[in-house]
Amino acid sequence: MTTTAAPGAQALAYEWIKFRSVRSTVRTTVATAALPVLGAVFVATTGSLQSDDTVLGGSLTLSVVAQMLAAVVGALVVTGEYSSGTIRTTFAARPRRSTVLAAKAALVAGVMYVLALASCTLAYLVGDALLPEGRYAQGEPLPALFGIAASFAVAALLGLAVGTLVRHSAGAVTTVIGLLLLPSLFGPFLGDAERWIAGLSPTAALEKLTQTSDAAADTVGSLGPWASLLLVAAYTAVLALGALVLLRRRDV
């Protein structure tokens, strides 16, 4: 008696094969994992950590850049198929487009969460080992590191949603980077609304979770770190739902 895998499991396995066979996606993923650790080494060896910062925040100095790369990975997972034309083969093999998008979402979220958790934990340990003992506040790595990893997963899902909507690699990458940066860039021009607008991006939630001294209320919003992460996750889910609706309605 033979059994076959569930459609969702088959779709996930197929997406994993495609994910690790595309060099641009693999290289960007590797860079995402490497940056936090490199940043920790750089900050510790150059003595560039501010006196009021924490070991956790200083060690994860480059985590914001790494999070942007996670969003880029999410976008490339879908736009790469549109660019190469393999999306037609994917939908021919798996006509239920919701299953395809769900498999892509589960893959990028899972990969980014695991990689970010391992990378950011290692970066913190490296920074803690290299920075002078007792000079800086330690910060609270737990449960913050789990939230930090979740913020990477959310950023990747945001990139996936944008990629599904835009369907062009350059346009999707530009758009998702803009979504991550524009709230903090334009917040200062909005007066009293800055503390609300600036906290709308995944980078703001990340900075709060890392407990960096740069995460002041007037630059990253007045919500707490976990509430900020939930807000970002909520509008990412709404955007992903909109992307699914359009994916079902539009021609390939």
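Predicted model: local features only at pLDDT ≥ 70, side-chain atom pairs only at ≥ 80, totals over all residues.

Which residues in α1 are buried? They are A11, E15, K18 and F19.

**First selection: helix α1**

Select residues 7-21, which form helix α1. The end C-alpha atoms of α1 lie 21 Å apart, which agrees with the 21 Å that its 15 residues should span at 1.5 Å a residue. Now look down the axis of α1: its buried residues fall within an arc of 100°, so they line one face of the helix. On the other side of α1, R20 and S21 are exposed.

Next, display the helices against which the buried residues of α1 pack. These are α2 (23-46), α4 (63-84), α5 (86-93) and α6 (97-130).

Show the side chains of E15, K18, E81 and K104, which are linked in a network of salt bridges. The structure as a whole holds four salt bridges.

Begin with K18 and E15, whose side chains meet in a salt bridge of 2.9 Å, N to O. Both residues belong to helix α1 and stand three residues apart, about one turn of the helix. K18 and E15 are both buried.

Continue from E15 to K104: these two form a salt bridge in which the closest N and O atoms are 2.9 Å apart. This pair links distant parts of the chain, with E15 in helix α1 and K104 in helix α6, 89 residues apart.

Then move from K104 to E81, where the side chains meet in a salt bridge of 2.3 Å, N to O. This pair, too, links distant parts of the chain: E81 is in helix α4 and K104 in helix α6, 23 residues apart. Why do E81 and K104 count as buried? Buried means under 20% relative accessible area; E81 has 5% relative accessibility and therefore counts as buried, and K104, at 1%, counts as buried as well.

Remain in helix α6 and select S119. With a relative accessibility of 7%, S119 counts as buried. Which residues does S119 touch, not counting those up to four places away in sequence? The contacts are with T32, A33, P36 and V37.

Select residues 141-166, helix α7. This helix has 26 residues and reaches 37 Å from its first C-alpha to its last, close to the 38 Å expected at 1.5 Å a residue. Is α7 largely enclosed or largely open? Of its 26 residues, 19 are buried, so α7 is largely enclosed by the rest of the structure. Step one place past the helix to R167, which follows α7 and has a positive phi, near 70°.

**Final selection: a patch on the surface**

Turn to the surface and select L200, L223 and L231. These residues form a nonpolar patch there, with about 210 Å² of accessible area together. To locate L223, look in the loop between α11 (217-220) and α12 (225-249). L223 is partly exposed, its relative accessible area being 37%.

Technical notes: Residues numbered from 1 in each chain as written. Heavy atoms only, no water. Helix = DSSP H or I, 4+ residues; strand = E, 2+ residues; numbered from the N terminus. Expected span 1.5 Å × (residues − 1). Buried < 20%, exposed > 50% of the residue type's maximum accessible area, 1.4 Å probe, protein only. Arc of directions from axis to C-beta. Contact = heavy atoms within 4.5 Å. Patch = residues over 30% accessible without salt bridge, like charges linked within 9 Å, V, L, I, M, F, W, Y side chains within 5 Å. Areas by Shrake-Rupley, 256 points an atom, 1.4 Å probe, with all protein chains shown as cover.
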